[in-house]
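Please look over the sequence and the model below before reading on.

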Amino acid sequence: MADLAQVKDIVNAWRPLNPVESTRVEYWIGAASRKIRRRWKDVDQRIAAGTLQLEDVTDVVVSMVLSVLPKIENNGVKSVAVAAGAESRAITLDSSGGDERLSFEDWMVEIFEGVVASTPLPQIKAPKAYGLNRIFPDWKEVYE
């Protein structure tokens, strides 16, 4: 079974890769493709039937892989700072918790399921501001 994206898709979205990075990208594209097929077992049939666009699936794979690539070199490190004068070094560790790689975001699930896992919007009741204070009495259209 073919992968749902190609190395060139990552290159087009990110930057040219050296040979070592290309090998890693090939692995992660395969891993993302397998994870998608485990969750949505009919993905290949839907692409063949035209009910799911391959370009959308490729976008999901590319986003998943790009989220993993920077973490490979410095796993667990969020930021690094280096200074020259009087020597200073700082490393901030990622405190996001867990080591879940290749996770699905809401927009990705929407592509496969057509449903958004949305959060409720806040409901606010407030009086009409223009009814409280007639600062500009000659603007009748505002108050009527």
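## Terms and basis

A residue is called buried when its relative accessible area is under 20%, exposed when that area is over 50%, and partly exposed in between, with a 1.4 Å probe and protein chains only. A salt bridge is a side-chain nitrogen of Lys or Arg within 4 Å of a carboxyl oxygen of Asp or Glu.

This is a predicted model, in which local features need pLDDT of at least 70 and side-chain atom pairs count only at pLDDT 80 or more, while totals for chains, interfaces and linings use all residues. Residues are numbered from 1 along each chain as its sequence is written, and side-chain values use heavy atoms, with hydrogens and water left out.

## Salt bridges in the structure

When the whole structure is searched, five salt bridges are found, and the sections below describe some of them, including the one between Arg15 and Glu21.

Glu21 itself counts as buried, because its relative accessibility is 17%.

A salt bridge also links the side chains of Asp44 and Arg37, at 2.7 Å from N to O. Here Asp44 is partly exposed at 25% relative accessible area, whereas Arg37 is buried at 15%.

## Lys8 with Asp9

In the salt bridge between Lys8 and Asp9, the closest N and O atoms are 3.8 Å apart. Lys8 counts as exposed, with 53% relative accessibility, while Asp9, at 19%, counts as buried.
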